Amino acid sequence: MAYETIIGLEIHAELNTESKMFCGCSTAFGGAPNSNTCPICLGHPGVLPVANEQAIADTILLGLALNCEITPRSVFHRKNYFYPDMPKNFQISQYDIPLTRSGLLEIEMDGYTRRVGITRVHLEEDTGKSIHIGESGRIHGADFSLEDFNRAGIPLAEIVTEPDLRSPDEARTFMQLLRATLEYLEISDCKMEEGSLRCDANISVSVDGEMGTKVEIKNMNSFRSLSRALTYEEERQRFALDQGETLVQETRHWDDAAGITHPLRSKEEAFDYRYFPEPDLVPIEPDQAWVEDLRGRLPELPAERQRRFREQYGLSSEIAAMLTGEKALADYFERAVETGQHPVELAKWIAGDLFALLKEAVVPIQACPLHPRGLGELVALVAQKIISGKMAKDVLKEAFDTGKGPKEIVEKKGLLQIADEGELASVVDEVIADNPDAAGDLREGKEQALKFLMGQVMKKTRGKANPEMASDLIRKKLSG
Ligand SMILES: [Zn+2]
């Protein structure tokens, strides 16, 4: 049987506006519980919401970045359900007419491009947060629950994709590009671990082109758990189909520690939200001039920048995607390119050793102790054969730790490679004179003798001989 995996994503991004969606409360993270609340976001009777203009502008901007059409007239709806973290017992969201819809975002995979349709991007408000205390098991495994409404009413953009993704890998790449797009637009903090960016997925496996049964996965809090959860679920469904089992349409919860998904609720238990238009808010009718003004404010987006990095600098898809995944990282790279060094070499150093150092020290690229000019210096030292690639790794580490320039480090430590032919030639002469047997072997064409002689040259120069030049000299002296 021919299986095909079909994945669609539903992403929630908290917008980083100063105030909440329908009141003037602060959106700051980490305040004392319930300190950022008022009668509106606490759902007191008789209060009136007022829509946050910045949140609408941010959502339109996101829609434009995702090639969506901006709906000329959209409305807010009430989504009714009871849950302790929802003081009003309804969430103000959008239903049949979202703010923007019918978009497209393309991702570059290894050797092909995947076009991913964007069904809609709409605007809604976040819920509060339940904190479960104790372990008696009376409620959600706890003794009791406390409610913090600081998050209630924070604007959320919901992005829904078409079921166009075909593998967990594609889903992860899409999510990374979307995260980068939100970051470039500067409209969200995009922290998956803190919950300001959340992703649910619908996944099914079709058999010989026949539609499969759709399963929704929740609780994936990192890029890694997104691909792990989808890989697990893809295998679970294929295995069940192989066994002749029937899959049920349900919502499943990803358990990151156990590495499995388990059922949360089936379709029969699905909520009926009784949507109806929010009577306290006017429809949104963005005028054309405002939309065009927002369009004019779109920066170069990561998808475009990726393409440009491939074409202009000759970078591979993988490295271009990595460097453009964060705006500051891409900026760092382009500042290093201004030093005139080879872009591919610079990109390799950034994506390899420098990235590892940043990660280990938990330092963002904005605070990188090595200036892009310093990286240019390092690549120049290697290109001019003043230091070897191996030495360069140590120099980079020291530059990173001390903030000193690579050139200064190399000069102070006397690390300069011996690339002076006269100086190296006399060392080679000594080595040949001290090792007549090995020299004789190489004359007779025994190649392994070269390795031995090179080792002796390196020993004498304490590793500072330019290896290419040294081996050329040995050969030249022994062939004539
Ligand atoms: Zn409020």
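Cys-41 is buried, with a relative accessible area of 7%, where buried means under 20%, exposed over 50% and partly exposed in between, using a 1.4 Å probe and protein chains only. This is a predicted model, in which local features need pLDDT of at least 70, side-chain atom pairs count only at pLDDT 80 or more, and totals for chains, interfaces and linings use all residues. Residues are numbered from 1 along each chain as its sequence is written, and side-chain values use heavy atoms, leaving out hydrogens and water.

| Residue | Burial | Relative accessible area |
|---|---|---|
| Cys-25 | buried | 11% |
| Cys-41 | buried | 7% |

The SG atoms of Cys-23, Cys-25, Cys-38 and Cys-41 coordinate the zinc ion at 2.3 to 2.4 Å. Donors are N, O and S atoms within 2.8 Å of the metal (3.2 Å for Na, K and Ca); water is not among the atoms, so sites may look incomplete. Along the sequence, the donor residues follow the spacing C-x1-C-x12-C-x2-C. Cys-25 and Cys-41, 16 residues apart, both sit in the loop between strand S1 (3-14) and helix H1 (53-65). Helices (H or I, at least four residues) and strands (E, at least two) are DSSP runs, numbered from the N terminus.

Now to the sheet. Three strands form an open, antiparallel sheet in the order S4-S3-S14. Strands S4 (90-93) and S14 (276-277) are at the edges with a single partner strand each, so one side of each lacks a neighbour in the sheet. Strand S3 (residues 77-80) pairs with S4 over four bridges; two strands pair if DSSP finds at least two bridges between them. His-77 has Ser-93 in S4 as its bridge partner.
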